[in-house]
Amino acid sequence: MANIIPPKYVRQVLVTLQGRGYPAFLVGGCVRDMVLGVQPHDWDICTAALPEQILELFPGSRLTGGEQGTVTVRIHSHFVEVTPFRAESRYTDHRHPDLVQFVADLTADLSRRDFTINAMALSPDGIVSDPFGGAADLRRGVIRCVGEPERRFEEDALRMLRALRFSAKLGFSIDLFTMEAIREKAPLCAHLAAERVRDELEKILMSPAPETALEAVSLGLLDSFLHRRPPENVPEGLGELPRRELERWTGFAWLLEHYGCVASAESFLQTMRLDGRTVQLGAAAAGLMNEPLPEDAAGWKRCLRRCGIEASLCAARCADGFWQTGHAKELKSVLKSGECFSLRQLAVTGNDLIALGLQGRAVGEMLDFLLEYVIEYPENNRRELLLSLAAGTEE
Ligand code: ATP
Ligand code: MG
């Protein structure tokens with residue numbers, strides 16, 4: 001930890017709060033990462049100051065966390081989230097606390113956090129508060145709930161997916177009691193908003209252990225999004241896919257479709273509230289993976305014509321990941337060749353055909369014919385030749 005020092009603007013926020021008599025600490029993910037010796041990607045601060053006191057201390061700051069009281073402080077064109085110590089009670093809907101109370105005590109704030117490794121705080125003078133043994137769990141590589149796991153998952157069912165997320169990201173195991181509670185409380189995930197599930201699932205899919213997403217399925221955490229669970233021992237391969245959101249989501253959705261867990265990859269991506277682009281490209285790519293993929297350049301050009309470059313590349317990369325086929329290389333060499341696969345690249349246009357005397361549907365049909373012809377004979381994408389073909393005057 002000694003060699004990771006928070007940036008100056010973060011230290012300035014801490015010192016300003018402390019200077020006004022409000023104890024303030026770095027907390028959560030950034031402390032975990034510092035103890036691990038990993039550079040944190042953001043810096044969260046918790047403090048005894050109330051939201052209005054934080055707002056008053058830092059001009060230009062805004063209340064962004066609603067009733068949780070989080071204030072986003074703008075300092076030297078950086079943003080830092082500052083949250084008052086809080087305690088939460090009663091979770092009747094298994095996802096939100098009914099009551100949030102601001103408290104004066106750091107330990108109360110740490111005790112509402114999900115896992116021991118996320119429940120450590122660091123004071124501005126470098127003293128770690130670790131009331132639940134987070135540093136020891138980090139050393140042993142264990143994800144363990146703060147407090148009684150069953151109760152913590154009843155409060156917020158998302159924590160079960162978060163446990164899998166941190167185990168996938170850090171390569172940690174899940175403590176035995178925490179795991180037992182996940183098995184028992186899995187059905188509570190049905191109460192979660194699809195967007196929150198999606199965000200955790202995406203982090204799992206993008207982690208070094210994306211197969212953990214299938215473990216989430218086997219544990220029943222995604223039952224409310226599926227018709228049924230896949231058979232045991234689904235052949236894996238998610239880890240062989242490129243580490244990009246589109247390929248990982250497509251590969252996962254395709255596997256679920258393939259094993260009859262969802263009506264289609266497209267419907268699953270939609271239910272997960274993914275953005276329109278991912279749904280469209282993922283659905284097209286999964287569709288391609290259900291057919292025998294092309295074996296020659298002409299086949300790939302037909303694919304490109306029908307589904308576009310991005311979906312075809314995604315399908316080729318997923319196929320390579322799952323079945324080590326070498327499709328992406330073939331497709332890339334087709335793209336590099338610059339050969340025609342779309343009407344835009346064809347050496348004649350609809351207007352050329354109209355000038356030749358073609359009308360109505362005949363124009364579209366002739367364009368289709370010519371495109372199919374140059375896909376097969378790329379060297380013949382020449383204007384004069386295609387015009388003579390269209391006019392029926394070729395030799
Ligand atoms: P990452 O590096 O992936 O952002 P993180 O630990 O910062 O990891 P966040 O989701 O950003 O994770 O949450 C910040 C902190 O807030 C966590 O470290 C944890 O202390 C607390 N926290 C977040 N979500 C929950 C939750 N659902 N229940 C309890 N505590 C939570
Ligand atoms: Mg974070």
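My entries below go through ring pairs and then helix packing.

**Ground rules.** I am working with a predicted model, where local features need pLDDT of at least 70 and side-chain atom pairs count only at pLDDT 80 or more, while totals for chains, interfaces and linings use all residues. Residues are numbered from 1 along each chain as its sequence is written, chains are lettered from A and ligands numbered from 1 in the order in which they are written, and side-chain values use heavy atoms, with hydrogens and water left out.

**Entry 1: aromatic pairs.** How many aromatic pairs does the structure hold? I found seven. Rings of Phe, Tyr and Trp (its six-membered ring) pair if their centres lie within 6.5 Å; planes under 30 degrees apart are stacked, over 60 edge-to-face, and the rest tilted.

I looked up Phe115 and Phe166: their ring centres are 6.1 Å apart and the planes stand at 75°, so I noted the pair as edge-to-face. Phe115 sits in the loop between helix 4 (106-111) and strand 8 (121-122), and Phe166 in helix 7 (residues 158-170), so the pair ties together parts 51 residues apart in sequence. Helices (H or I, at least four residues) and strands (E, at least two) are DSSP runs, numbered from the N terminus.

Buried means under 20% relative accessible area, exposed over 50%, and partly exposed in between (1.4 Å probe, protein chains only).

Entry 2: Phe322 and Trp323 make a tilted pair, 5.9 Å centre to centre with 55° between the planes. Phe322 is buried at 12% relative accessibility, whereas Trp323 is partly exposed at 40%. Together with Trp254, Phe322 and Trp323 form one aromatic cluster.

**Entry 3: helix 11 on helix 14.** Axes are lines fitted to C-alpha atoms, for helices over the stretch in contact, and angles run from 0 to 180 degrees between N-to-C directions. Among the residues that meet here are Trp254 in helix 11 and Phe322 and Trp323 in helix 14; contact means heavy atoms within 4.5 Å.

**Entry 4: helix 17 on helix 18.** Helix 17 (residues 361-376) and helix 18 (residues 383-391) pack at about 130°, with axes 11 Å apart. The contact is made by Met366, Leu370, Tyr373 and Val374 of helix 17 with Leu385, Leu386, Leu389 and Ala390 of helix 18.
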